[in-house]
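Dear colleague,

Please find below the structure that I am handing over to you. My notes on it follow directly after.

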Amino acid sequence: MATKTAEQITVDLLRPLSGLSGRYLLAAAFFAGMVVAALCAFFYQAYAGLGVSGLRTPVFWGFYITNFVFWIGLSHAGTLISAILRLANATWRRPVTRCAEVITVFALSIGATFPIIHLGRPWLAFFLFPYPSERGIWPNIRSPLLWDFFAINTYLISSVTFLLLPMVPDFALVRDRSEGIKKKIYGALALGWTGTPRQWHRLETAMHIMAIAVIPVAVSVHSIVSWDFAMAPVPMWHSTIFAPYFVAGAIFSGIAALILAMALLRKFLHLEEYLLPIHFENLGKLLLVMSLLWFYFVFAERLTAWYGNEPSEMAVFWTTQHGSYSPLFWTMVFCNFLIPFPILAIKKLRTITGTAIASFTVVIGMWLERFLIIVPSLSHKYLTYSWGTYRPTWVEITITAGTFCAMVLLYMIFSKIVPIISIWELKAGQHVKTHAVRLVVRSNEAGAD
Amino acid sequence: MPSPPVIYGLFVDPESAERGMNALHRAEVSPKKIVVMSAEPFDDYSFSKMDHATPMPWIAAAGGVVGGTCGFLLARLTQEAYPIVTGGMPIFAAWPSGIVTYELTMLGAVLTTVVTLLITTKLPNWKPKLYDPEVSNGRILIGVLDPSDAARVEIENRLRGAGAVKVKATNTHR
C-alpha cells in the first residue's frame, strides 16, 4: 500500500459503492428473507404471547437475554477499540476504525431490541422511559434495567456520532465525484463540508474528545449489563467479578467480530491492499491477550465457587462441569481458549485465515458463554423443587438467526453506501508517513553535508 | 448580499501549497482574507494551522457538568416525587443515582462536543459558497477573498510562482 497515490486510494475505496453484482443481490435477498422470517416470528409471538417461546418457570431469561448480552458485548468491537487505538495514535488503525465502529452501531441497535422482544407486551416498552407520565409512576432508579436504558442509549448516541462525524469528509468526496440524484444525496450528507483548516482541526479535536469520553462509557455499558445479573441473589450471579468479567468478554468477542468482518470485507470487496496481514496480526495478538484474560476470569470464578462449596452454587457448578450443560460448557472452553490459543500464539498460524478461524470459534464460544451464565443459574436456584429446564422453541431460534442475518445485511448495505475504510484518514496516514521519511532524508543529507 | 470575488490557486502537494501561503504572506495579504481548503488535514504545515485556538474541550467539560447535574436532578427528583417502600432505607439511593448521573455526564459532554463542532465549523451549510471540486481530487486550494483590483495581478503571479497548477478568479461565490 506504500506505493498507492491519493487518487488510487480514492478510486479503490469508492469502487465498492458502484454497481450491484448478482452475487451481492442473491446474498442480500437471502439475509433479507431471514430477517423477514424473524419479524414474522416476532409478530407471531406478540400476537400469541410469550407462551410460544421456551420461557417457563423458573427460566424466564433464555435466548433473548442471551442475545441481548451477546450483541451488547459484540458492540465493544468498534467504538471502544477504535477510541483506544486513536488515543494511542496507533498508525495501523486507519483502515480498521470504520469497519469497527460500524459493528458497534449495528450490534448495539440489534442488542437493544432484545429487551423489547423479550417483553410479553412489547408495545408497553415506553414504560421504561424516564419521563413524567399520567400513569403516576416513574421508572425505578434503583433497577439495573433502568441503568441499562441510560447506559445503552448514551453508548448508542456516542457511537453513532463517533461513526458519523469522520464520515462527513468522505461524503464530500463522493459528492464531488457523483452526478444527479446521488450527488444531491451525498451533498446533503456532506453538510456543506469544504475542508478548511478550521473544519479539519475542529473535527480532529472533537474526535479526540469523543474518544476520551467513549472509553469509560463503553466500560460502563457492559458493567451495567453485568449488574442486571450480579444485583440478583441468584447462584453464580451475585459476584463482584461480574463487571470486569463481562467487560473483558465483551472486548474479546468484539475483537473477534472485527477480525471476521475485516476478513470478509477484504475478500468480497477486494480490499487486499488496504486490510493487510499486519492488521490481522496485530488484532490477533489482542485477541490472544483477551483469550488469556477470559480464561483467567473463568478460572477465578470457578475456583472461588468450588472452594466456597456453597450448595446452591455447587448445583450450578456441577451441572455445567459434568451435568446436562457440560457439552455446551466444554464446547465454550474449546471455542474460547483451546482452539484460538495455539492458533494465535504460534506466529506461523497467526495468518489472516488463522485469525479468522480463531475469531469464528470465539464468536460461537462467547454466545455459549452468555447462555451458560444465564440459563443454568435460573434453572438451578436454591431449592430443588424449583429447578427446571429450558428448551428454545422455533420462534426464539428464528428470531436469533434473523438478528445474525440482520447484522450481515446491514453491514452489506452500509458498505455499498459509505466507503468502509475512511479515505481521508488513510490519505492522512500515508501523508504523515511520507512527510516523516522526507524529514529523515533531509536531516541525513544535512548531517552528511 | 453579493458574494466577494476571490482568486485562488490549486496546488498538487503540501510543499508547493506552503510556498503559496508564504508568497501571500510576503505580499502582505491579511491572514483573515486567506482561504485554504484540502481533502485531508495537513497538520505538519503552517497553512493548515489557521484557526487552531478552540475552547472545545472546556465547552465539552461544561456540557458534562450540565448533563451530570440534569442526571442527578432526574434521579433525585424521581425518587422523591414517587417514593417507594424501602423498608427503612433512605428514599434517595445514592449509588444508583450515581450511575444515572455518570451516564448523563458523558452524554452531555458528547452532545456538547458535537454541537460545538457544528457551530464552530458552520455546518450544516448547503448554500453555494467558495469551493472547487478539484479539492476532492487532492488539490490544495490557497486563495484570497476580496482582493483589491491593484493586488489581483500580483497575487496571481505569486500563486503561479509558488507552483499553483491552476489559478482561478471568480467574481461571485459559486
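Leaving aside its neighbours within four places in sequence, with which residues is Lys427(A) in contact? In this predicted model, Lys427(A) is in contact with Ala6(A) and Ile9(A), and also with Ala39(B) and Glu40(B). Lys427(A) belongs to helix H17 of chain A, which covers residues 423-448. It counts as buried, because 25 C-beta neighbours lie inside 10 Å, against a threshold of 20 or more. Lys427(A) and Lys4(A) are separated by 423 residues in sequence, yet their C-alpha atoms are 9.5 Å apart in space.

I turn next to the side of chain A that touches chain B. Here 48 residues of chain A are in contact with 52 residues of chain B. At least two residues each are supplied to this side of chain A by helix H1 (6-14), helix H6 (144-164), helix H7 (167-176), H9 and H17. The most comes from H9(A), with 17 residues. By type, the residues on this side of chain A comprise 26 nonpolar, 14 polar and eight charged.

H9 runs over residues 197-230, 34 residues in all, and its first and last C-alpha atoms are 49 Å apart. That span is close to the 50 Å expected at 1.5 Å a residue. Of the 34 residues of H9(A), 25 are buried, so this helix is largely enclosed by the rest of the structure.

With kind regards

Definitions and conventions: Residues numbered from 1 in each chain as written. Chains lettered and ligands numbered in written order. Predicted model: local features only at pLDDT ≥ 70, side-chain atom pairs only at ≥ 80, totals over all residues. Helix = DSSP H or I, 4+ residues; strand = E, 2+ residues; numbered from the N terminus. Expected span 1.5 Å × (residues − 1). Buried ≥ 20, exposed ≤ 12 C-beta atoms within 10 Å, placed from the backbone. Contact = placed C-beta atoms within 7 Å. Nonpolar A, V, L, I, M, F, W, Y, C, P; charged D, E, K, R; others polar.
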